[in-house]
Amino acid sequence: MLKTIVASYKTYYRNFPVILLFALPLLVLSVLEIYFRGINSESKGVAYFIALAGFFMPLISAATDVAVYKKLLKSDCVNPFICLKTLFIYMFTQIALGLVGVTVPVLLLSFLLGIWMGAETALATALVINIFLGMYVLARFNVILPLIVQHKKLSWKKLTAYTNRGYKEWLAVAVLVYAPYLVIN
């Protein structure tokens with residue numbers, strides 16, 4: 001498992017300029033959205049831009065991911081908009097993984113813990129607990145995303161075969177993969 005992570009980081013490092021080039025539209029849109037959210041303007045144009053950015057951000061993010069995967073997997077065509085079905089399946093799967101791995105457990109845990117402690121303490125505790133639950137789920141099941149880009153049929157049996165490792169190994173993967181992101185943010 002460690003060899004796979006090291007190989008992934010090497011691939012990322014070698015292809016960083018290309019990945020950055022693909023991510024540039026998403027970065028520009030994100031910076032513009034943050035800028036417009038920060039200014040106090042009564043302009044309808046600003047409000048429309050913020051609303052459209054909120055709507056299109058997941059689609060552009062998914063398109064960026066699909067294009068990068070296709071480039072790294074040496075696909076003939078890296079244009080993510082060629083096959084809209086793949087793009088939308090990828091986007092909704094990514095949203096579902098985020099909901100199942102992060103949002104729902106945090107909300108549920110904070111609600112349950114809120115019975116015994118204050119709301120802020122319950123939320124902080126739920127976030128800490130979800131580091132061990134959500135990161136495991138995300139690390140284990142994010143393998144679905146490149147399989148979608150490759151148009152591979154996926155069954156529960158195949159998925160468990162791909163991810164047949166223990167909790168400690170997946171938690172180690174989660175720490176090695178997600179820790180840099182968490183530290184940066």
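Arg14 counts as exposed, at 59% relative accessibility; here exposed means over 50% relative accessible area, buried means under 20%, and partly exposed lies in between (1.4 Å probe, protein chains only). Arg14 belongs to helix α1 (residues 2-14), where helices (H or I, at least four residues) and strands (E, at least two) are DSSP runs numbered from the N terminus. From C-alpha to C-alpha, Arg14 and Met135 are 26 Å apart in space and 121 residues apart in sequence.

Before we go on, a word about the model. It is predicted, so local features need pLDDT of at least 70 and side-chain atom pairs count only at pLDDT 80 or more, while totals for chains, interfaces and linings use all residues. Residues are numbered from 1 along each chain as its sequence is written, and side-chain values use heavy atoms, with hydrogens and water left out.

Now step back to the whole protein. You will find eight helices and zero strands, and the pattern along the sequence reads α-α-α-α-α-α-α-α. The C-alpha trace spans about 55 × 55 × 30 Å along its principal axes. Of the 185 residues, 30% count as buried. If we take contacts (heavy atoms within 4.5 Å) between residues at least 6 apart in sequence, 63% of them join residues at least 24 apart. The accessible surface comes to about 12500 Å², and 71% of that belongs to carbon and sulfur atoms; the areas come from the Shrake-Rupley method with a 1.4 Å probe, and for residues only the protein chains shown count as cover.

Let's follow the chain into helix α2 (residues 16-38). This helix bends by about 45° at Ala23, with a proline, Pro25, following within four residues; the bend is the angle between axes fitted to the seven residues ending at a position and the seven starting there. Ile19, Ala23, Leu26, Leu29 and Glu33 are buried in α2, and the buried residues of this helix pack against α1 and α3. As background, an α-helix has 3.6 residues a turn, so residues three or four places apart point the same way.

Helix α3 also bends, by about 40° at Phe56, and here Pro58 is the proline that follows within four residues. With 29 residues, α3 reaches 41 Å from its first C-alpha to its last, close to the 42 Å expected at 1.5 Å a residue (1.5 Å times one less than the number of residues). After α3 comes Lys74, whose phi is positive, near 55°. Lys74 sits in the loop between α3 and α4 and is exposed, with a relative accessible area of 71%. His151 has a positive phi too, of about 60°, although it is not a glycine; its place is the loop between α6 and α7 (156-162).

What about the cysteines? The structure holds zero disulfides, a disulfide being a pair of cysteine sulfur atoms within 2.5 Å. The sulfur of Cys83 is 10 Å from the closest cysteine sulfur, in Cys77, and therefore too far for a bond. Cys77 is partly exposed at 35% relative accessible area, and Cys83 is partly exposed at 27%.

Finally, look inside. The largest nonpolar core has 24 residues, and Leu87, Tyr90, Ala139, Phe141 and Tyr178 have the most contacts inside it. Such a core is a set of buried Ala, Val, Leu, Ile, Met, Phe, Trp, Tyr and Cys residues joined through side-chain atoms within 4.5 Å. The elements giving two or more residues to this core are α3 (44-72), α4 (84-114), α5 (119-141), α6 (144-149) and α8 (167-184); α5 gives the most, with six. Leaving aside neighbours within four places in sequence, Leu87 is in contact with Leu59, Ala62, Ala63, Val66, Pro80 and Phe81.
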